[in-house]
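Please look over the structure shown here, with attention to its charged side chains and to the surroundings of its ligand.

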Amino acid sequence: MDETRDTIAAVSTPPGRGGIAVIRISGPLSWSVSDRVFSPRDGKPLSVHPPRTAVYGDIIGEDGVIDDGIALLFRAPASYTGEDIAEISCHGGVLLTQLVLEAVFAAGARPAGPGEFTKRAFLGGKLGLTKAESVIDLIDAESRGQIALASAQSRGVLSGRISDLYGRMKRLAASIAVMSDYPDEDMSDIDADGVKKALSDIMSSLEELAGTYRTGRSVREGIAACICGRPNVGKSSLMNALAGEDRAIVTPLAGTTRDVISEKLMIGRCAVRISDTAGIRDTSDEIEKLGVERAESEMMKSELIIAVFDGSSALTDDDMRFIGGIRSAVSADPSKKIAAVINKSDLPQKIGADELSHLLPEADIVRASAGSGDVSQLTSLIDGRFTDLSLDLTSDAVLSNARQYAAVKRASEDIKNALSSVEAGFSPDIAQIDIENAMADIAEVDGLAVSTDVVSDIFSRFCVGK
Ligand code: GDP
């Protein structure tokens, strides 16, 4: 049977005990399946009740009544998937829900795969790919910023921007076509200079949109950071201050953090996967040595190095060794960002910002008092470096994953090629093919013309029942 034409069912509420569980059935047989397992108390078959009306009744399994509950029907195409849907709510027991689901399978539905309901909604034209992706992002969201981003995307903010760009390219392509079909007549609404201007405007819009990915990625996916420094400068205290609770052990003895502790924190709008590493110093203790090596490898892997110094004491040899380590990490990857934190700002200060900036010209320098929880300068610094503070996540179009970003970047490259050939004096119809490629690229963002592999990959990240 055609994969999208059979009838699928799954529990759509989270696994485990709960007040209620919802079993969702979608496909051509969903109403007849629900008629077999659900017997309304008013004595009439469920399917004669009007759609979108809650109907109370008994849920019937192989051995008779399993539970009582509520059923709700949706008539295609006015449903989440665009197909006929039945939703049966029962009491949320683990075994009970399983029995109801088994009754639904026995009545003719098959188990739904991960994300299969949403995949059907996409294939049925109920929602574009960016909206489908926003569904999983909403479910997975762990911060307000992530919810704002996914919610804007689910309301069509990004797909609106994409279709606007697509429309501009299409109008330009049409004008160029008229121009080249009737070269001697004044038929087209555009001349060669107009084509150049339109292409360069479209390219700026594409680049501006591509630029939002820096923010989308930091909010949605997060950035990898590490907290480094010689022992006892306040790394664990800083981690705790950022986390808002005690997660790493803080002691006045040097060298107690011997492993890497990892946390996911929200710093401003950024999701930061942060590791608090062993203090970096020249050491003979074998175990500590291993920790130091791991700290150095964390620095290599991190996009953001939070380098901590104890402001209450002058820079030591260990600090200088550490600074050398940071500089080699930055020269290996110049895109790394360095936040140098002069900690213990509550005590008399022996390190000057200028002195540190001279030694670490790549770093942004802030002061903090991790012990008393004052890390606000660091928080603002990170937020400003990794997100565009002028973007409003609830209302601006923001690219939030690598797939979307890659498509927009490809479109931008195509338009750049088109512009170069027009600027080199070729006739604008030479640019047509590049414009058409850019249109195909941008259309991919919302899932027009994406390959089935890409679609399968996206929906495989969903949970069963969504
Ligand atoms: P780590 O070895 O770098 O992880 O340092 P810890 O976080 O364990 O802190 C070492 C010592 O410095 C502890 O006694 C902390 O209480 C103290 N400390 C940390 N941050 C501050 C601060 O901002 N001000 C003051 N006065 N003491 C701090």
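Glu116 is buried, with a relative accessible area of 7%, where buried means under 20%, exposed over 50% and partly exposed in between, using a 1.4 Å probe and protein chains only. The model is predicted, so local features need pLDDT of at least 70 and side-chain atom pairs count only at pLDDT 80 or more, while totals for chains, interfaces and linings use all residues. Residues are numbered from 1 along each chain as its sequence is written, and side-chain values use heavy atoms, with hydrogens and water left out.

**Salt bridges**
- Glu116 pairs with Arg110 in a salt bridge at 2.6 Å, N to O, a salt bridge being a side-chain nitrogen of Lys or Arg within 4 Å of a carboxyl oxygen of Asp or Glu.
- Arg110, which is partly exposed at 25%, also forms a salt bridge with Asp6, with the closest N and O atoms 2.6 Å apart.
- Asp6, Glu83, Arg110, Glu116 and Arg120 are linked in a network of salt bridges, and the structure holds 25 salt bridges.
- Glu298 and Lys301 meet in a further salt bridge at 3.4 Å, N to O; Glu298 is buried at 14% relative accessibility, whereas Lys301 is exposed at 59%.

**Ligand surroundings**
- The ligand is surrounded by 17 residues, the closest being Asn232, Lys235, Ser236, Ser237 and Asp346, where a residue counts if one of its heavy atoms lies within 4 Å.
- This shell divides into six nonpolar, eight polar and three charged residues.
- A backbone N or O atom of Ser236 lies 2.8 Å from an oxygen atom of the ligand, and for Gly234 the corresponding backbone distance to a ligand oxygen atom is 3.0 Å.

How values were computed. A polar contact is a pair of N or O atoms within 3.5 Å; within protein, one must be able to donate a hydrogen and the other to accept it, and residues adjacent in sequence count only if both atoms are side-chain atoms. Ala, Val, Leu, Ile, Met, Phe, Trp, Tyr, Cys and Pro count as nonpolar, Asp, Glu, Lys and Arg as charged, and the others, Gly among them, as polar.
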